[in-house]
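Take a walk through this structure with a few residues as guides.

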Amino acid sequence: MTAPSSIPTPLDLSGDAPRALFSYVCGAWVRGAGKPTSLHHAVTGAVIAETGTGGIDFRAMVEHARTVGGPALRAMTFHQRARMLKALAQYLMAHKDAYYPVSAGTGATKRDGWVDIEGGIGTLFAYASRGRREFPDETFHVEGPTEPLSKGGTFVGRHICVPLEGVAVHINAFNFPVWGMLEKLAPTLLAGMPAIVKPATVTSFLTEAVFAGMIESGILPAGSVQLLCGGAEPFYNFLALSDWLYGRTHQTHAISRPRLRELLLEYLTEVLNHPAAAVDALTKHDALNSRRNSKEDGPQRQSRRNNQK
């Protein structure tokens, strides 16, 4: 991978000087290695960009989102995240004229571009409004009434919603390179979860342009968004396991830890053909570390419970 010194420069849409597209990985603009894929202007046929994802570490992207972006977003209240979306929408709207010539390179008419660009920005405004109107100025959302849990009413409970501690991976279609990105990012960021954006390669040069504006604005917390322009190779192992788990269990969540360990053993040995002894030793080591970390975090979790009472 190589990295530019600053935000990528605008594309030369004439095709006289095609440049490589950049991905935004772990807080830096980087260019993938290996044989690039040429991207063409949809009207003139000229090569205007090249892209690739060789050498990009998807595992590092996920870790960066979980350890940097996630905590920063979860520390914000719903109203703070909503105001962040509004500020981002205002910034992009102020710079919208720069995106229309790039949109034309995807084959979009002015009206098509309006739906994609300003429609996408509009979703940021919409979720910003709903975030302030429908959610409290807190880091959690109280859901439903108080539930009695004992006969005499001495023990009651109430559900609260808090952000998931993970990362959303958005794989978007070619025909809405801006709207497809922003309409997914809006609820994701409002909910306090970081995201990795993977646009369709053929029109990713427009996504890169708008994403560069998002980063240039300085509005979003570090690690909250990342971009992967090019082929989906870094996703293959990650998504292959997810697809296999769903095909095997028909579940997307609520798989018990012992059952998940059994499934991982099966996947690693029977699908990926890793030695059974090595896989068994590795999963036992991970289970031991998990129990150790749970014990170490126990006092902190109890302290948080006490503070919430």
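Is C229 buried or exposed? C229 is buried, at a relative accessible area of 0%. Buried means under 20% relative accessible area, exposed means over 50%, and partly exposed lies in between (1.4 Å probe, protein chains only). C26 is partly exposed, with 31% relative accessibility. The whole structure holds zero disulfides, a disulfide being a pair of cysteine sulfur atoms within 2.5 Å.

A word on the source. This is a predicted model, in which local features need pLDDT of at least 70 and side-chain atom pairs count only at pLDDT 80 or more, while totals for chains, interfaces and linings use all residues. Residues are numbered from 1 along each chain as its sequence is written, and side-chain values use heavy atoms, leaving out hydrogens and water.

Now the helices. They are DSSP runs (H or I, at least four residues), numbered from the N terminus. W244 sits in helix α7, residues 236-249. Leaving aside residues up to four places away in sequence, W244 touches L263, E266, Y267 and V271. Contact here means heavy atoms within 4.5 Å. W244 and Y267 are 23 residues apart along the chain, yet their C-alpha atoms are 8.1 Å apart.

Helix α8 covers residues 257-271. Its buried residues include L263, E266 and Y267. After α8 comes N273, with a positive phi near 60°.

Last, confidence. pLDDT is the predictor's confidence in each residue, from 0 to 100. The protein averages 88, and 88% of the residues score at least 70. Over residues 301-309 the pLDDT is below 50. That stretch has one contact in the model beyond near neighbours in sequence.

Key:
Helix = DSSP H or I, 4+ residues; strand = E, 2+ residues; numbered from the N terminus. Expected span 1.5 Å × (residues − 1).
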